[in-house]
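Here is a short report on one chain. Have a look at the fold first, then read on.

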Amino acid sequence: MIEETNRVGYSRRLHPFKLLLCPNKKMLERSIHLARSLFPDVYDERKKYRTFHFSFAWRSRQIISIGQNYPDNTNAKAMRFAKRFGNRKQMEYPYLHAEVDMLSKLWGRYYIDSKMKVVVLRLNSKGELKNSKPCVGCSNIFSALGVGKIWYSTNTGSIARL
Ligand SMILES: [Zn+2]
């Protein structure tokens, strides 16, 4: 079956949030749009990587933080978060995930709680949405902080809720 893909790139046939999560549709579309607009710059800088992760934190109708992954170097922020939240795998491999980059920009400056909504997106080098389900470590951090409203892109180009 041919999937109908709309302007912002997720499948009409597959996206259940259209009906179930109407209030968040705009937020998801704006996140996708923003990820695409950020994409060319990062792509120039990091040609050797094929995919790009972005994480957006929303409060009401505003983006309060944007994070990006940095897969090429281990990172002190990644290590701090890994230790603070007891994520063993990240202590061993402290590469900065988009979610932790996003949270680290809010840390100490913004009260992080369940009102925050998070959208995590991964784009391949063609700008297509790919699976960006948060890893166990990032999921652990979100649940410790009480952040439960999390959406991510899937390999079929749709958006799923964690
Ligand atoms: Zn992660």
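Two strands pair if DSSP finds at least two bridges between them. Helices (H or I, at least four residues) and strands (E, at least two) are themselves DSSP runs, numbered from the N terminus. By that count, strand E1 (residues 51-59) and strand E2 (residues 62-68) pair in the antiparallel sense over six bridges.

This is a predicted model, in which local features need pLDDT of at least 70 and side-chain atom pairs count only at pLDDT 80 or more, while totals for chains, interfaces and linings use all residues. Residues are numbered from 1 along each chain as its sequence is written.

**Overview**

The chain holds six helices and eight strands. From the N terminus on, they run α-α-β-β-β-α-α-β-α-β-β-α-β-β. A residue is buried if 20 or more other C-beta atoms lie within 10 Å of its own, exposed if 12 or fewer, and partly exposed in between, with C-beta atoms placed from the backbone. Of the 162 residues, 33% count as buried.

Confidence comes as pLDDT, the predictor's score for each residue, from 0 to 100. Its mean over the chain is 84, and 80% of the residues reach 70 or more. Over residues 1-14, pLDDT stays under 50. Where pLDDT is low, the predicted coordinates should not be read in detail.

Two residues are in contact if their C-beta atoms, placed from the backbone, lie within 7 Å. Among contacts between residues at least 6 apart in sequence, 59% join residues at least 24 apart.

**Strand E5 and its partners**

How many residues of E5 are buried? Seven of its eight are, so by the cut-off of 20 C-beta neighbours the strand is mostly covered. E5 spans residues 117-124.

Some partners can be named. Phe54 stands opposite Leu121 in E5, and Phe54 also stands opposite Gln68 in E2. Lys117 has Lys149 in E7 as its bridge partner. Leu123 stands opposite Leu129 in E6. In a regular strand the side chains alternate between the two faces of the sheet.

Leu123 lies in E5. Leu123 counts as buried because it has 24 C-beta neighbours inside 10 Å. Leu123 and His53 are 70 residues apart in sequence, yet their C-alpha atoms are 6.6 Å apart. Beyond four places in sequence, Leu123 touches Ala35, Phe39, Thr51, Phe52, Glu128, Leu129 and Lys130.

**Two hairpins**

The hairpin of E1 and E2 has two residues between the strands. Ser60 sits in that loop. Its phi is near 50°, a positive value in a residue other than glycine.

**The core**

A nonpolar core is a set of buried Ala, Val, Leu, Ile, Met, Phe, Trp, Tyr and Cys residues joined through C-beta atoms within 7 Å. The largest one has 32 residues. Val100, Val118, Val119, Val120, Leu121 and Ile150 touch the most other members. The elements that give two or more residues to this core are helix H2 (25-45), E1, H3, H5, E5, H6 and E7. Val118 is in contact with Ser55, Phe56, Ala57, Phe142, Val147, Lys149 and Ile150, leaving aside neighbours within four places in sequence.

Which residues of helix H6 (residues 136-145) are buried? They are Gly137, Cys138, Ile141 and Phe142. They cover an arc of only 135° around the axis, so they lie on the same side of H6. That arc is taken from the directions from the helix axis to the C-beta atoms. On the other side, Val136 and Ala144 are exposed. The buried residues of H6 pack against helix H3 (76-84), H4, helix H5 (98-106), E5 and strand E7 (149-153). Just after H6, Gly146 takes a positive phi of about 80°.

Met91 lies in helix H4 (residues 88-92). Met91 counts as partly exposed because it has 15 C-beta neighbours inside 10 Å. Beyond four places in sequence, Met91 is in contact with Met79, Ala82 and Lys83. The C-alpha atoms of Met91 and Ala78 are separated by 8.0 Å.
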